[in-house]
Amino acid sequence: MSEPRIAQASPYAVEVEQGKNYWWCACGLSANQPFCDGSHKSTSFTPVRYTAETSKTVYFCGCKRSSGVPLCDGTHRSLQASAGGDAPAGA
Ligand code: FES
Ligand code: FES
């Protein structure tokens with residue numbers, strides 16, 4: 001598995017709490033998106049920590065292809081056109 005799975009071709013809006021750490025799933029396999037549930041163990045991916053500086057809504061990347069992980073940077077828009085949503089890993 002060299003490419004992460006597209007968990008969702010759009011971001012996840014999450015209310016984060018100031019001072020809390022969040023572990024974003026980089027592999028796309030977690031059943032608890034957008035967060036890591038340990039499913040990456042069979043892959044080369046590791047989760048990315050996000051520390052909330054303030055309490056607010058943030059948009060975590062669901063396509064796992066953002067250049068600004070763990071947050072969405074709009075890269076998913078180009079995927080939707082070509083992949084049609086939930087493409088299998090490596091497609
Ligand atoms: Fe995806 Fe941990 S389950 S990084
Ligand atoms: Fe991945 Fe937006 S959901 S870049």
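Start by selecting Lysine 64: this residue is buried, with 27 other C-beta atoms within 10 Å (buried means 20 or more other C-beta atoms within 10 Å of a residue's own, exposed 12 or fewer, partly exposed in between, with C-beta atoms placed from the backbone). Its phi is near 70°, a positive value in a residue other than glycine. You will find lysine 64 in the loop between β4 and α1; helices (H or I, at least four residues) and strands (E, at least two) are DSSP runs, numbered from the N terminus.

A word on the model: it is predicted, so local features need pLDDT of at least 70 and side-chain atom pairs pLDDT 80 or more, while totals for chains, interfaces and linings use all residues. Residues are numbered from 1 along each chain as its sequence is written, and chains are lettered from A and ligands numbered from 1 in the order in which they are written.

Next, select proline 70, in the loop between β4 (56-60) and α1 (76-83). A cis peptide bond, omega about 10°, joins it to valine 69. Proline 70 is buried too, with 22 other C-beta atoms within 10 Å. Its C-alpha atom is 5.7 Å from that of phenylalanine 60, 10 residues apart along the chain. Leaving out residues up to four places away in sequence, proline 70 touches Trp24, Val48, Tyr50, Phe60 and Cys61 (contact means C-beta atoms, placed from the backbone, within 7 Å).

Now move to proline 34, in the loop between β2 (21-24) and β3 (48-51). A cis peptide bond links glutamine 33 to proline 34, with omega about 5°. Both residues are among the contacts of cysteine 25.

How values were computed. Two residues are in contact if their C-beta atoms, placed from the backbone, lie within 7 Å.
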